[in-house]
Amino acid sequence: MAPKLEATDLVLQYPSGDRPVIDGESVAIAPGRVTALVGPNGSGKSTLLRGLADQLPPRAGQVLLDGRAVHRLGDRELARELGLLEQEPSAPDGLTVERLAYHGRYPHRGRFDPVGDDDVRAVERALSLAGVDDLRDRPLGDLSGGQRRLAWLAMALAQDPDVLLLDEPTTFLDLRHQLAVMDAIERRRDEAGTTVVLVLHDIEQAARYADAMVVLSDGAVHAHGDPESVLTPAMLAEVFGVEATVEPGPHGPQVVPLGPDGGG
Amino acid sequence: MTDSRPDGAVEAHDRPDTARRFGWIDRDLLAVVVGGTAVVAVATTLQLSFGSYDLSPTAAWRTLLDPAVLFDTAAWRAFLLGATVPDFATGTLVVWTIRLPRVVLAVLVGANLAVSGAILQAITRNELASPFVLGVSSGAGLAVLLTIVLFAGLLPLLPLFAAVGGGVAFLLVYAIAWQGGTSPVRLVLAGVIVSSVFGSVQTGLFLLIEDIGLVRSVIAWTTGSLVGADWAAVRMILPWSLLSLALALVGARELDVLTLGERTASSLGMRVEAVRFALSGVAVLAAAASVAAAGIVGFVGLVVPHIVRRIVGSDHRRLLVGCLFAGPALMAAADAGARLALSPAQLPVGIVTGLVGGPYFLYLMRKHGEFGGL
């Protein structure tokens, strides 16, 4: 059973910032489901994600993983249960896809442990889920942006966490690679029951793939629920400032933007 | 959590090379090991044969492999523990107590500088990093000079003082370059600032030394020199070298993960600040030991990791082991050149490494328009 991830009264602020980005929000993430964080630029999506992953210490409130405060867990212990993939990580160009994926096993291996069978299995599974089997011996420097993103996703999957947090995994990718990323995430959820939280820029993509959506507006949770209940013309006008209609489609609600709100 | 995953049997060919116990030792690494060893052997032959007491290369090697010395515990006690050297023939004494320690010291210094550079490049994610560029060498150098001038009684602890000086300089550089993170160019500039300030203080210290002969040798030392190397110098740095090199190898996987960036390393469960601090300490210790023995030898710590990375890739186990062979090769060859090129005059070895390393640095800058990212 996937663990429950929740934040209570979370206040997040960067050391250099003069006011909190997230100011006292609570959110409970559905276990074993894909939850999308959406919101306009600067609404605090990535910050909330980093807060959930204990990469940004909270000023107040806490993040609980199965009832345990994440900042009390050891760093490796947490990394075995919860993984975070940053938006644009970078690695030496000479690193091969397979070796990158093996780095995902870091929290599972003791300092002098050789690579074990479970490491090999996790990496093989991750490479095939992310569809980078064929690229395993290629250095990252030779890959396209989309292939590289999939290689990083393979690393995060090899980490084999129960909760996987992804920061804009599809932004700047061509359609094919966007689909490959979302497909890998859905299969991972279905096969391993992994809880996934991802920041998405594209609202329609979120509506199509996510089981639940959290809408952030100016550092506050504006709405949280399944895409059908969250995606309304009123929300789009209020949060995104666009005038749009929402129509039910075969793959979830479809947004038809008409123009910037209040412009007419 | 893994229950629902189909567990296929793991077959041998599924494992990456690096997962097998010795699988990470590949052809490229072997080439570096064999090549490095060969260069050291040639340099050793030259160093042992030539000089004011000429020996043929065969005679030199026969003396070196002489069982009467090789299996003499009294001799080894003299070399490694500082006891009195037993009575040997002149040729044996020249080879074993004058020429060999110089080669051994060159090997140790080369290994230390190369490994130190490899670590600093990984933790700063900057291929222009090296103990010389990041001010570690100048900090260690200043500490050594202060010790020589002011506290001559504490010479056996020289590597430790040097490490403190190098560590302080490194922290200063990091602090100057830090603006919510560092960039390769800012680190290099900060290194230049700190090095030039420390260099001025060093030069100022020369004025406090009254003995002109000492000033000459100190100046040679600040460019890096192995003139007058003896077993005492080897004894002084051997333990620190072994310690720091061993710790570096233990930290190889941490270095690999650090090159993925601070944030990735942290979300993989690494305590980045602690690990980076510990590994910087190892790098500073290695560099400081070499500075205490040979002065400020430039470019070895920059050039060697870079060349080795080109050959064996970015895996740090391979890179560090490669550095353990390539560093000594460069240093031993450069010192043979420094001692023998203008014989009987001797150049400081740092001049030779500078002549080789400077152009290489230039080539790096030219090649990478946007320079420094690892």
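## The sheet of chain A

Two strands are said to pair if DSSP finds at least two bridges between them, and in this predicted model strand E1 (residues 5–12) of chain A meets that condition with strand E2 (residues 22–29) of chain A, the two running antiparallel over six bridges. Within this pairing, Leu5(A) stands opposite Ile29(A) in E2(A), while Leu12(A) has Ile22(A) of E2(A) as its bridge partner. E1(A) also pairs in the antiparallel sense with strand E4 (residues 60–65) of chain A, here over five bridges, and Leu5(A) stands opposite Leu65(A) of E4(A).

These strands belong to an open sheet of four strands in chain A, ordered E2-E1-E4-E5 and paired in the antiparallel sense. Its edges are formed by E2 and strand E5 (68–69) of chain A, each of which pairs on one side only. Helix H1 (residues 45–52) of chain A packs on the sheet and touches E1, E2 and E4 of chain A, with its direction making about 120° with that of E1(A).

## Where the two chains meet

The contact between chains A and B draws 35 residues from chain A and 30 residues from chain B. On the side of chain A that touches chain B, at least two residues each come from helix H2 (75–81), strand E6 (82–85), helix H3 (97–103), helix H4 (117–129) and helix H6 (175–192) of chain A. H4(A) gives the most to this side, with five residues. Sorted by class, the side of chain A that touches chain B comprises 15 nonpolar, eight polar and 12 charged residues.

## Helix H4 of chain A

Just after H4(A), Gly131(A) adopts a positive phi of about 70°.

## The largest nonpolar core

The largest nonpolar core holds 194 residues, of which Ala154(A), Val115(B) and Ile119(B) touch the most other members. Helix H5 (residues 90–124) of chain B gives the most to this core, with 19 residues. Once its neighbours within four places in sequence are set aside, Ile119(B) is in contact with Ala248(B), Leu255(B), Leu279(B), Val282(B) and Ala283(B).

## A loop glycine in chain B

Gly82(B) is found in the loop between helix H4 (73–81) and H5 of chain B. Is this glycine, Gly82(B), buried or exposed? Gly82(B) has 11 other C-beta atoms within 10 Å, and a residue counts as exposed at 12 or fewer, so Gly82(B) is exposed.

Although Gly82(B) and Ala232(B) are 150 residues apart along the chain, their C-alpha atoms are separated by 6.9 Å. When residues up to four places away in sequence are not counted, Gly82(B) touches Ala232(B) and Arg235(B).

Notes
Residues numbered from 1 in each chain as written. Chains lettered and ligands numbered in written order. Predicted model: local features only at pLDDT ≥ 70, side-chain atom pairs only at ≥ 80, totals over all residues. Core = buried A, V, L, I, M, F, W, Y, C linked by C-beta atoms within 7 Å. Buried ≥ 20, exposed ≤ 12 C-beta atoms within 10 Å, placed from the backbone. Contact = placed C-beta atoms within 7 Å. Nonpolar A, V, L, I, M, F, W, Y, C, P; charged D, E, K, R; others polar. Axes fitted to C-alpha atoms, helices over the stretch in contact; angles between N-to-C directions.
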